[in-house]
Each structure stands twice: as C-alpha cells, then as structure tokens.
Amino acid sequence: MSPGRPQSVPVLDLKAQYATIRAQVREAVDRVLEGQHFILGPEVAAFEAEVARYCGAKHAVGCASGSDALLLSLMALGIGQGDEVITTPFTFFATAGCIARLGAKPVFVDIEPEGFNIDSSLVEERVGQRTRAIIVVHLYGQCCTMGPVLEVAGRHGIPVVEDAAQALGATHYGRRAGTMAEVGCFSFYPTKNLGGAGDGGLVVTGDDGLAEKLRVLRVHGARPKYVHRYVGLNSRLDELQAAILRVKLPYLAAWSDMRAQRADTYDKLFMEAGLAETVGLPTEMEGNRHIYHQYVVRVPRRDELREHLAARGVGTEVYYPLSLHLQECFRDLGHRPGDFPQSEKAAAEVLALPMYPELTLAQQEAVVGAVREFYAR
Ligand SMILES: *Cc1c(COP(=O)(O)O)cnc(C)c1O
C-alpha cells in the first residue's frame, strides 16, 4: 500500500475464507463425487443432525434455498388463499414473497428504528380474523424482540415463523435464532454467514408433525414414493452443498466471534474519528448476541457517500433500498409512502460496510478513513 493510496476493501471477500479451508472443502467434494449419491444421502442427513445440535433444535430439514425454507414452512402450516400473514416490510423480498406465492396476503408491521426488526408492540393491532401466521425476521444477524410477539401469538393461537436466514448462531436471552417459535428458516446462499457453493436452505422445528410434513413436502408431497398426500415441491439440499457446509459449520462460532470483534473495532474507530454523532452505529438490542451478518450504519447523504467510498475502492451495499410495501408487485395491497415511516427512513439511510471474519484492521481503518474524508469536505 503506497502512502495516500487507500487500500481496496471489498464488501465481502469469499476467497479469503476459502483459502483457509480449501483442502477440506476439496476432500468433501471428492467424497461426494466418489460416492455418486447426490440427492438426500448421508451428507444431508449428517448435516441436518449437526445443525439441529448446533441450534438446539429437535428437527432440521434441508431444502433448496432459504426462500424455499420459508415457502415450505408456510405450506406445512397450511397457509393458503385468503389467509393473512403478518411480517415486516424491511427485509429481503423472500420473507413476503412466500406469503404472496401461496395466495395469502402479507400484512406489514413497521420496524423499531434501533434494531431494524419488527416493532413487537405494533403486532397485535394487525391481528385479525384471517391472521394465520407471523413471520419475524432477525435482520443483519440479531434477533427481534421475541417475547411480546410470542405472547400475542400464543394468546391468539397463531404460529410464528422465524426468518433466521441472516442469523444462524445468534442468540436471544441465550436461545438460538430459529428455535424460539414453531419453525425457523435458514439460508446457505454463498454470502450468508454459513454459505455454500450455491443455493441451500434448512428449516428447524421442535414439532414432530411439522418436521414430518416438511420432509414430505420437499419431495413433491410423496410418501411412500409416488403416493402423493400433498401437492409439494421439489426442494432438496443436495449432497455437494451439505458436504461443503459440514466442513464450514465447525468454524461458524469462531467466525461469528471474529465478526463481532470487527464490529467492535468499527465502533471504536468511528468514535475515535469523531464520527459517532454523524454516523448512526449499530445497536445490539437487549438480550441479544449479534453475529454481524452485516455491519449496518445510518448515514446522511447515503448515496453520495457510497459513490465516494466506491471511488476509493471501498465496497458497500444497501439492504434494502425499497421497503416491501412500496414494491410494484404488492401495489394491490394499496400502500403509499408514509404507511411505514420507520421502514422507509431506514431504506433511505442504511449502509452496510465491508464485514467478514478475515477483514483486517488496516482495511477497517481505510473504510473509516474514507468515511471521515467524505464528511470533512
Ligand atoms: C437470504 C435471505 C432469504 C432467502 O434465502 P435464499 O437462500 O437466498 O433463498 C430470506 N430471508 C432473508 C432475510 C434473507 O436474508
């Protein structure tokens, strides 16, 4: 690094991680290729058991993606035409897409501004005659405030689905994300904290009946073979993905610690740079252990800052720039700007900075230095 030339910092560096486990991953891939068993074999069964143990869940059912984990969960819960499902508008599309795909209606509840998760104090007022489920999201790697949601859901007899795609390993008052409600959904999309070499997903549940139904639904609803109890879908985690994920899972706890350390370092660097007033730093909410899937700040003139950082080789991302209630595909819901003000404000202000376990101090200093330079102009 020559003086005055900022170091380039990608928003995510998957190659840095692969370099540390290359031999093990190749051995796992080779094992599957030698066995020539590619669908629902020993790797998937072992991985399901290992994730279940890691999370403290009774059952784990692998599937093709995090999106399918959500879809299968709602199908297992019997959600369909005319039903309403309560969720947050400030999330990845799949959280609400699965509801609409089943002919049900997403009913949005605004977020609380500090943790970016569903405002649990606003859930009950949206519960109606047709409410059949609540999908909460543990965004950016920390859990939403579950207590009040579970209390309302319990009182109304409504199941809760946890979209824990960004939060595998996070805890809330000592309990793992995904295991606090009826079902928990995970994604192994390559950029997630536990990422495969392609798509993958998984559902955890403590309910024997739901686990059984999920296993049947992922093979077109057939049990035994060619006898169809339900109209399911083809949604399996494949053996290659499971074998690779089994290599990575034992490292996940250490990787989460490294992410949390880097989040502390960012906090410290922003404070030292005198930017704590300008840049809204992430808040770890009460009872949470945040695993920093993303380190997300709130900033003024966000899009200009992004350009400034990009010009200096610093990658950033915006999760998510348009609140779901304002998406064209949901226009029939009749929402307008202003309906969910906290979600809309977050969409305009959030910026995810480079975050991965292998991020170096020099890189973090370069990121914060480039931010300071922007606001000093
Ligand atoms: C990634 C993600 C999903 C979907 O997972 P895929 O594996 O990409 O289908 C769902 N919800 C949230 C919050 C996510 O971040």
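Predicted model: local features only at pLDDT ≥ 70, side-chain atom pairs only at ≥ 80, totals over all residues.
Residues are numbered from 1 along each chain as its sequence is written, and side-chain values use heavy atoms, with hydrogens and water left out.

I looked up the surroundings of the ligand and found 17 residues, the closest being Gly66, Ser67, Asp163, Ser187 and Lys192; a residue is near if one of its heavy atoms lies within 4 Å of the ligand. By class, this shell holds seven nonpolar, eight polar and two charged residues, where Ala, Val, Leu, Ile, Met, Phe, Trp, Tyr, Cys and Pro count as nonpolar, Asp, Glu, Lys and Arg as charged, and the others, Gly among them, as polar.

I then checked the polar contacts, which are pairs of N or O atoms within 3.5 Å; within protein, one must be able to donate a hydrogen and the other to accept it, and residues adjacent in sequence count only if both atoms are side-chain atoms. An oxygen atom of the ligand lies 2.5 Å from a polar side-chain atom of serine 67, while for serine 187 a side-chain N or O atom is 2.6 Å from a ligand oxygen. For lysine 192, I noted 3.1 Å between a polar side-chain atom and an oxygen atom of the ligand.

Taken alone, the ligand exposes 380 Å², of which the protein buries 93%, with areas from the Shrake-Rupley method and a 1.4 Å probe, and for residues only the protein chains shown count as cover.
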